[in-house]
Amino acid sequence: METRNVGIRWIKLLLGPGVSCRSIREDRILAEAMASRGDAKRLHDMFGLSINASLRYTNVVDHPGFDSA
């Protein structure tokens with residue numbers, strides 16, 4: 001089996017229009033913030049975010065307008 005690096009064209013074909021790697025990463029960080037019940041240090045360690053960036057994600061955990069469905 002041959003393995004090689006993939007290019008941006010392959011990623012865009014796989015993900016489809018309107019989906020970016022950045023949006024997937026942001027969604028993953030938000031999901032982890034919800035799963036960890038707002039643990040900013042965990043986000044910092046897991047994703048290499050600054051503490052301020054981690055806090056921006058964890059602030060939505062208890063936001064009254066956010067439905068975690």
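How many salt bridges does the count come to? By the rule applied here, in which a side-chain nitrogen of Lys or Arg lies within 4 Å of a carboxyl oxygen of Asp or Glu, the count comes to 5 salt bridges.

The views below show a predicted model, in which local features need pLDDT of at least 70 and side-chain atom pairs count only at pLDDT 80 or more, while totals for chains, interfaces and linings use all residues. Residues are numbered from 1 along each chain as its sequence is written, and side-chain values use heavy atoms, with hydrogens and water left out.

View 1. Helix α2 comprises residues 21-35; helices here are DSSP runs (H or I, at least four residues) numbered from the N terminus. Its 15 residues reach 21 Å from the first C-alpha to the last, close to the 21 Å expected at 1.5 Å a residue, where the expected span is 1.5 Å times one less than the number of residues. I29, E32 and A33 are buried in α2, buried meaning under 20% relative accessible area, exposed over 50%, and partly exposed in between (1.4 Å probe, protein chains only). These three residues lie on the same side of α2 because they cover an arc of only 105 degrees around the axis, the arc being that of the directions from the helix axis to the C-beta atoms. The face turned away from the buried side of α2 carries the exposed residues D27 and A35.

**View 2. The surroundings of α2.** The buried residues of α2 pack against α3 (40-47) and α4 (51-58). Just after α2, R37 takes a positive phi of about 55 degrees.

View 3. Side chains of opposite charge can pair when their charged atoms come close. In helix α2, R22 and E26 lie 4 residues apart, about one turn of the helix, and form a salt bridge whose closest N and O atoms are 3.2 Å apart. R22 counts as exposed because its relative accessibility is 63%, whereas E26, with a relative accessible area of 34%, is partly exposed. In helix α3, D45 and K41 are likewise 4 residues apart, about one turn of the helix. Their side chains meet in a salt bridge (3.1 Å, N to O), and both D45 and K41 are exposed.

**View 4. Further salt bridges.** R4 and E2 form a salt bridge in which the closest N and O atoms are 3.5 Å apart; R4 is exposed, and so is E2. A network of salt bridges links R28, E32 and R42.

View 5. T58 lies in helix α4 and counts as buried because its relative accessibility is 10%. The side chain of T58 reaches the backbone oxygen of L55 at 3.1 Å. Leaving aside neighbours within four places in sequence, T58 is in contact (heavy atoms within 4.5 Å) with A33, G38, D39, A40 and L43. The C-alpha atoms of R56 and A40, 16 residues apart along the chain, are separated by 8.9 Å.

Terms used: Helix = DSSP H or I, 4+ residues; strand = E, 2+ residues; numbered from the N terminus. Polar contact = N/O pair within 3.5 Å; in protein donor to acceptor, adjacent residues only side chain to side chain.
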